[in-house]
Amino acid sequence: MSIEVFAPASIGNVSVGFDVLGMAVKPISGYLLGDVISIESSDTDELLVIGEFADKLPSNKEDNIVWDCLGLYNANLRKAQQLVKPVKLTLDKKMPVGSGLGSSACSVVAALKALNEFYDGFFNDKDMLLMMGQMEAQISGSLHYDNVAPCFFGGLQLMVSDPKVISKAIPPLKDTYWIMAYPGINMSTKEAREALPDNYSRGQLISYGQHLASFVDACHRQDNPQALSYLVDVVAEPYRQGLLPKFSETKQYLLANGAKAAGISGSGPTLFAVCDDLAKAEELSEYLTEHYLQSDTGFLHICQIDVQGACVLNP
């Protein structure tokens, strides 16, 4: 009997919370924007990669992060003196690599949750999140949870400094529509990181703190207009926007024509725009399809906040 697990796309940073804020999203169409992992018993450990973006991943299974997830999970089972069973993992890679939609987090979260389901939930959520962070750090070179936490738990997640907590849920904004426009070009997370300065001014630090605190406060009060007005990125976007063709002029158009906020999803190149009206979201989606998508692999989805997170598809 195969177990299938889906892990959704996410917006890292959400403009206002560099490395400390993340949000899971799901298309209102019902399309599975994320990765699916299936797991079943086998005579030996196996990994099969299928899906639209399978050809963008390494051909050797030993170079795939899902294979590393299997190794890490099994190592932790052995530490707990538990019997390790051979399994076959199938990754349905529905997410483009380097999209700014948490593609690697989707694979990591789906793989580890599938393994934990196979072992009847042996590890608790805290143990799982730590493993997910370890795998994400292996890929990106730095430990950050702003994609894996919302991908795993769903909703809007704030990363906290207490290592015993790691992530805290923030009340997600209701009645908002998040347009996710992936232009079909790649953006290296490493390149995006290198574009950032080593130091920030006192004024930038104050502005960052004010915007983030005000956004979190407005979310708790469910004040959509105020919350969306604080979605301003003073840390990354000023330095990364030049790396993204058509981003600056597209964002200006969106804000001038009804979007309540817009920004870079993660390190890009995906652009997100927020509307409080579905008709407006559909109107702006037509503009983005024509003016921001730049290749046949580009796509656009109107989304809402995914409050479920990673889930079993065939319980």
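The legends below describe close-up views of one predicted model.

Residues are numbered from 1 along each chain as its sequence is written, and side-chain values use heavy atoms, with hydrogens and water left out. Because the model is predicted, local features need pLDDT of at least 70 and side-chain atom pairs count only at pLDDT 80 or more, whereas totals for chains, interfaces and linings use all residues.

**View 1. Cysteines without a disulfide.** A disulfide is a covalent bond between the sulfur atoms of two cysteines, and here the term is applied to a pair of cysteine sulfur atoms within 2.5 Å. The structure holds zero disulfides. For Cys151, the closest cysteine sulfur belongs to Cys106 and lies 4.4 Å away, which is too far for a bond. For Cys275, the closest cysteine sulfur is that of Cys303, at 12 Å, again too far for a bond. Cys151 is buried, with a relative accessible area of 0%, where buried means under 20% relative accessible area, calculated with a 1.4 Å probe and protein chains only. Cys275 also counts as buried, at 0% relative accessibility.

View 2. Strands are DSSP runs (E, at least two residues) numbered from the N terminus, and two of them pair if DSSP finds at least two bridges between them. Strand β2 (residues 10–12) pairs with β3 in the antiparallel sense over three bridges, and Gly12 stands opposite Gly22 of β3. Strand β7 (residues 156–159) runs antiparallel to β3 and is joined to it by three bridges, with Met23 having Leu156 of β7 as its bridge partner. Three bridges also join β3 to the antiparallel strand β12 (residues 299–305), where Ile305 stands opposite Val25.

View 3. Helices are DSSP runs of H or I with at least four residues, and α3 holds 16 residues, 125–140. The expected span of a helix is 1.5 Å times one less than its number of residues; for α3 this gives 22 Å, which agrees with the 22 Å between its end C-alpha atoms. The buried residues of α3, among them Met128, Leu129 and Glu136, pack against α1 (65–79), α2 (103–118), α4 (148–153) and β8 (167–170), with contact meaning heavy atoms within 4.5 Å. Just after α3, Gly141 takes a positive phi of about 90°.

Key
Buried means under 20% relative accessible area, exposed over 50%, partly exposed in between (1.4 Å probe, protein chains only).
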